[in-house]
Amino acid sequence: TTYNNILLAYAQDATSHVGTYSNHDLVLDANSTEVIRVKANGNVGIGTNNPATYKLQLGAAGDKIGVDLSSGGVTRTSEIELYNASDGSINLKTNNASTGGINFHTQSAQRLTIARGGNVGIGTDDPQKNLDIQGQFMVRPTSNTTIGRVLIGSTSSDAYLELKDAS
């Protein structure tokens, strides 16, 4: 079968190019298995042969994706920046209707949970209220005028709970 595909490999100035000249996908294989696909529309898939939704789609259903941005040494300074160009926010989404929570871990332990219904848990993976803290917490003032004040149920500066230590 003839598909009229043309594969290009050339150098122009100081830049090398590999690609298709026709309106076809570019596929990179390893050990006779597809590992990366660049669609004709520019979408790139790693671990999927149909990156239809996003410019970069990693993995297929059930795959885990890991990113290590460190140099591999003992001291690791890694950063992943997620940025929504419309308003500068970070969007983490889950679309699983049955569970759909977002969990944050440190040192292999779950530390913070945002449950499917929006409840937030610190120290618990099953928050029962809007904010469910299991363990101790601390509220620190930013100035002497706010020492010991916690605002409860009102935006009025008169509504507060004052807790003082014995000193």
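Here are some notes on this predicted model, meant for someone looking at it for the first time.

1. **Ground rules.** The model is predicted, so to speak of local features needs pLDDT of at least 70, side-chain atom pairs count only at pLDDT 80 or more, and totals for chains, interfaces and linings use all residues. Residues are numbered from 1 along each chain as its sequence is written, and side-chain values use heavy atoms, with hydrogens and water left out.

2. Keep an eye on pLDDT, the predictor's confidence in each residue, from 0 to 100. The protein has a mean of 75, and 61% of its residues get to 70 or more. Strand β9 (residues 120–122) has the highest confidence, at a mean of 95, while strand β11 (residues 149–150) has the lowest, at 61. Where pLDDT is low, the predicted coordinates should not be read in detail.

3. **The overall inventory.** You'll find twelve strands and zero helices here. Both are DSSP runs numbered from the N terminus: helices are H or I, at least four residues, and strands are E, at least two. Of the 167 residues, 11% count as buried, where buried means under 20% relative accessible area, exposed over 50%, and partly exposed in between (1.4 Å probe, protein chains only). As for contacts (heavy atoms within 4.5 Å), take those between residues at least 6 apart in sequence: 0% of them join residues at least 24 apart.

4. Two strands pair if DSSP finds at least two bridges between them. Strands of a sheet pair through backbone hydrogen bonds, either parallel or antiparallel.

5. **Another sheet.** β7, β8, β9 and β10 also form an open sheet, in that order and with mixed pairing. Its edge strands are β7 (102–106) and β10 (131–133), each pairing on one side only. Strand β8 (residues 109–114) pairs with β9 in the antiparallel sense over three bridges, and T113 is found opposite G121 in β9.

6. How many salt bridges does the structure hold? There are three, counting a side-chain nitrogen of Lys or Arg within 4 Å of a carboxyl oxygen of Asp or Glu. In the one between D25 and R37, the closest N and O atoms are 2.8 Å apart. That pair links distant parts of the chain: D25 is in the loop between β2 (15–20) and β3 (26–30), and R37 is twelve residues away in strand β4 (residues 33–38). D25 also forms a salt bridge with K39, at 3.5 Å between the closest N and O atoms; K39 is in the loop between β4 and β5 (44–46), 14 residues from D25. E34 and R37 make a salt bridge too, at 2.8 Å, N to O. Through shared partners, D25, E34, R37 and K39 are joined into one network.

7. **Buried or exposed?** D25 is partly exposed at 24%, K39 is partly exposed at 22%, and E34 is partly exposed at 29%.

8. **Worth a look: N43.** This residue belongs to the loop between β4 and β5 and is buried, with a relative accessible area of 6%. A polar atom of the N43 side chain lies 2.9 Å from the backbone oxygen of P51. Beyond its neighbours within four places in sequence, N43 is in contact with residues including R37, V38, Y54 and T53. T53, in the loop between β5 and β6, is exposed, with a relative accessible area of 59%. N43 and T53 are ten residues apart in sequence and 8.2 Å apart in space, C-alpha to C-alpha.

Terms used:
A polar contact is a pair of N or O atoms within 3.5 Å; within protein, one must be able to donate a hydrogen and the other to accept it, and residues adjacent in sequence count only if both atoms are side-chain atoms.
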